[in-house]
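Please look over the model shown here together with its sequence. A short report on its architecture comes after it.

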Amino acid sequence: MHTTEPISRVWDLLDSEANMIHGMSVDEAREIIADGDPKAVRAIDGQFALVGRRGKTVRMARTIGKLMRYFIAKLKDGPALVVSDRIDRIRDWLDERGLGDQFHPSYTRMVPAHHLVEIRLLGCPDPNPTYRRFFAPKREALPADLDVIGERYIRAALHEIEKWLNTMPDHAPIGVCFSGGIDSGAVLVLTYHALLSRGTSPSRLKAFTLSLDGRGDDLRQANDFVQAMDLEAFLEPIQVSRGDIDIAEAVRVIEDYKPLDVQAGAMALALCRGIRRRYPDWRHLLDGDGGDENLKDYPIEENPELTIRSVLNNLMLYQEGWGVDSIKHSLTYSGGQSRGYARTYAPCATSGFTTFSPFVAPSVIEVAEGIPFIQLTDWDHDRLYSLKGEIVARGIKSVTGMEMPIFAKRRFQHGITDAAQTSDLFPSDAHVYRDIFRDACRRADNTPLSTPLRRVAPDPNSFNA
């Protein structure tokens, strides 16, 4: 249920039922956040985005798996804080109250994951928020033993899946967004294992694989994976046409313009809508988002701002970006996967699904940050990239007894069809995505959205977050 009544000028538009908290109620967790003790907030077990208040002090906290944004509006009797998971919901709230002229998307703020954000509603101008970290895993805490690392990492992921299963009806159907890659493969195997372990029929499980016109490396890889694991009965291709891949719609849904995130968001949106057409009542989806961030499996050579030293020396760099104290930190968008999880969360939420990835749970991230990457790689790129498959395969074998095939990394948006069609689907110019985003923002003024790939003159009022 959405809370729309003000609590001393705080409007919480978040869906409290979307939180997944274990061992306490949402209201109890909200009170912990209101008290403002980061250690107590860390003790909240689950994935959440919550607001708490003490007098004129408002505190907010979220984990990566839930989005959270806010906006300070000016009312006649003082400031008001509006909190939501979406920018457009904040805009609509302001419009409905005649406050739309105060809105600009760059004035919204994203709560950075793993931080307790404190705002004092005092007047005009309001002071800047303060940030206190509530999740700070110890780095390099594990021995340089891939068997030990794999077992702990995969067991932590399995434990999160088991807790997630405890929150839903025994016979609710479960879908895995599945490419046959390392992360989605691990999620499928662990979910299958968890269902068997609790004496529940795995027939409620499906592995949904996106394919454009019946083609794509992901579909071939998914088939190879389930055959190797004797799980063929669970694979279900979701075939879409080129017209189902809509970059402009993806920009509007994820409310961002980062090219790779928009492309992944467009694929997630096509997959979700394809599942929804086939199964109108389906609700629960699992995915493997966060596995690449945890095990640092991104090609460093593709990002001129990164070196292997920056990746291995900075706490949760891929999860959080450069950090709230960095000049590169975006107030509007946060950083890293804290920002980028919109590519998964928003397509699923707007399509009527709840989504869950064990790899964004703090307990799993904590194991990953404890891996002695420097000792294991000696700063070698290839050794870093090979670690993920080794860790996950060994962990799956140790925890489930199953031998999992490991395939080369491939981005979601590159696996649905052949390379020639992929290049046609996605613009290569990053400015195109910004132009689409700028046009989408203009819809607040009831002006039409322009042709998706039309270049427009620079807008002096646009923001560069």
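This is a predicted model: local features need pLDDT of at least 70, side-chain atom pairs count only at pLDDT 80 or more; totals for chains, interfaces and linings use all residues.

Residues are numbered from 1 along each chain as its sequence is written, and side-chain values use heavy atoms, with hydrogens and water left out.

**The sheet and its helix**

Helices (H or I, at least four residues) and strands (E, at least two) are DSSP runs, numbered from the N terminus, and two strands pair if DSSP finds at least two bridges between them. In these terms, 4 strands form an open sheet in the order S4-S5-S9-S10, with antiparallel pairing. Strand S4 (49-54) and strand S10 (130-133) are its edge strands, each of which pairs on one side only. On average, and with direction ignored, neighbouring strands of this sheet are turned by 20° against each other; axes here are lines fitted to C-alpha atoms, for helices over the stretch in contact, and angles run from 0 to 180 degrees between N-to-C directions.

Strand S5 (residues 57-62) and strand S9 (residues 115-120) run antiparallel and are joined by 4 bridges, and Val58 stands opposite Ile119 in S9. Helix H1 (residues 26-35) lies across S4, S5 and S9 and runs at about 55° to S4.

Two packed helices are described by the angle between their axes and the distance between the axes. The table sets out these values for two pairs.

| Helix pair | Angle between axes | Axis distance |
|---|---|---|
| H7 (residues 247-254) and H8 | roughly 95° | within 8 Å |
| H5 (residues 182-197) and H16 (residues 381-400) | about 5° | 11 Å |

Angles under 35 degrees count as roughly parallel, over 145 as roughly antiparallel, 65 to 115 as roughly perpendicular and the rest as oblique. The axes of H7 and H8 cross at roughly 95°, which makes H7 roughly perpendicular to H8. Their contact (heavy atoms within 4.5 Å) involves, among others, Ile247, Val251 and Ile254 of H7 and Val262, Leu269 and Arg273 of H8. The residues of this contact of H7 with H8 divide into 8 nonpolar, 1 polar and 3 charged, where Ala, Val, Leu, Ile, Met, Phe, Trp, Tyr, Cys and Pro count as nonpolar, Asp, Glu, Lys and Arg as charged, and the others, Gly among them, as polar.

Helix H8 (residues 259-278) has 20 residues and reaches 29 Å from its first C-alpha to its last, close to the 28 Å expected at 1.5 Å a residue, the expected span being 1.5 Å times one less than the number of residues. H8 is mostly covered, with 15 of its 20 residues buried; buried means under 20% relative accessible area, exposed over 50%, and partly exposed in between (1.4 Å probe, protein chains only).

H5 and H16 pack at an angle of about 5°, and H5 is therefore roughly parallel to H16. Residues including Ile182, Val189 and His193 in H5 meet residues including Lys388, Val392 and Thr400 in H16. By class, the contact of H5 with H16 has 7 nonpolar, 3 polar and 2 charged residues.

**Loop residues**

Glu255, in the loop between H7 and H8, has a positive phi of about 55° although it is not a glycine, and Glu255 is buried, with a relative accessible area of 7%. Ser334, in the loop between helix H11 (317-320) and helix H12 (336-340), has a positive phi near 60° and is buried at a relative accessible area of 5%. Arg215 is found in the loop between strand S12 (205-212) and helix H6 (217-229), and counts as partly exposed at 35% relative accessibility.
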